[in-house]
Amino acid sequence: MSDIPPFRFLFVGDIVGKPGREVLRRTLPALVARDAIDLVIANVENAAGGFGITRETAEAILACGVHVMTTGNHIWDKKEALDYIGREPRLLRPMNYPPGAPGRGFGVFVAPDGTEVAVVTAMGRVHMPLVDDPFRAL
């Protein structure tokens with residue numbers, strides 16, 4: 001039997017537009033408290049009007065209790081994401097985007113209890129825009 005205490009994380013699938021952000025705002029804090037969630041990761045690539053992410057929508061999502069935000073092919077749908085992703089380390093883009101793409105595809109994050117957690121995001125290639133092989137990137 002391990003002496004390592006359990007670590008619980010929650011991954012929230014695609015938050016879409018204002019309705020998705022509102023559901024997150026109303027439900028996430030109670031869910032985290034009820035289930036003793038240690039780290040919340042959410043996909044936010046469609047959080048701004050259903051397409052892309054903006055600084056304002058990202059900050060609202062973080063204020064709900066999300067620790068790390070992942071994205072996919074819609075990350076660039078709002079042009080301000082190009083600048084914002086380079087300044088916000090909790091916002092990840094797929095790591096298998098071409099070299100030179102703004103932002104980063106992975107990070108090590110510290111949960112509120114001090115546990116370090118590596119989060120990696122990659123995008124598949126089936127019915128998606130052409131990107132580098134996600135398996136090779138990982």
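Biologist: Hi! Which residue forms a salt bridge with Arg 26?

Modeller: Glu 22 does, with the closest N and O atoms 3.9 Å apart. Keep in mind that this is a predicted model.

Biologist: Where do Arg 26 and Glu 22 lie?

Modeller: Both are in helix H1, 4 residues apart, which is about one turn of the helix.

Biologist: Okay, and is Arg 26 buried or exposed?

Modeller: Arg 26 counts as exposed, at 52% relative accessibility. The cut-off for that class is over 50%. Glu 22 is partly exposed, with a relative accessible area of 27%.

Biologist: What about Arg 25, which side chain does that one meet in a salt bridge?

Modeller: Glu 22 again: the side chains of Arg 25 and Glu 22 meet at 2.4 Å, N to O. These two are separated by about one helical turn, because they sit 3 residues apart in H1, which covers residues 17–35. Arg 25 counts as partly exposed, at 47% relative accessibility.

Biologist: And how many salt bridges are there by this rule?

Modeller: The count comes to 7. Another one of them joins Glu 59 and Arg 55, at 3.0 Å from N to O.

Biologist: Which helix holds Glu 59 and Arg 55?

Modeller: Helix H2, residues 55–63, where they are 4 residues apart, about one turn of the helix. Glu 59 is partly exposed at 40% relative accessible area, and Arg 55 is also partly exposed, at 37%.

Biologist: How many bridges link S1 and S2?

Modeller: They pair over 4 bridges, in the parallel sense, with S2 spanning residues 39–43. Within that pairing, Phe 9 stands opposite Leu 39 in S2.

Biologist: Now S4 and S5, what do they form?

Modeller: A hairpin, with 5 residues between the two strands. In its turn, Gly 114 has a positive phi of about 95°. The strands pair in the antiparallel sense over 5 bridges, and S5 runs over residues 116–120.

Biologist: Which residue in S5 is the bridge partner of Val 108?

Modeller: That's Ala 118.

Biologist: And which residues make up the covered face of S4?

Modeller: Gly 107 and Phe 109 are on the covered face, while Phe 106, Val 108 and Val 110 are on the uncovered one. In general, side chains in a regular strand alternate between the two faces of the sheet.

Biologist: Last topic, aromatics. How many aromatic pairs does a search of the whole structure find?

Modeller: It finds 1. Trp 76 and Tyr 97 form it, and the pair is tilted, at 6.1 Å centre to centre and 50° between the planes.

Biologist: Where in the chain do Trp 76 and Tyr 97 sit?

Modeller: In distant parts, 21 residues apart. Trp 76 is in the loop between S3 and helix H3 (81–87), and Tyr 97 is in the loop between H3 and S4.

Biologist: Is Trp 76 buried or exposed?

Modeller: Trp 76 is buried, with a relative accessible area of 16%. Tyr 97 counts as buried too, at 12%.

Conventions. Residues numbered from 1 in each chain as written. Predicted model: local features only at pLDDT ≥ 70, side-chain atom pairs only at ≥ 80, totals over all residues. Heavy atoms only, no water. Buried < 20%, exposed > 50% of the residue type's maximum accessible area, 1.4 Å probe, protein only. Pairing = 2+ DSSP bridges. Salt bridge = Lys/Arg side-chain N within 4 Å of Asp/Glu carboxyl O. Phe/Tyr/Trp six-rings, centres within 6.5 Å; stacked < 30°, edge-to-face > 60°.
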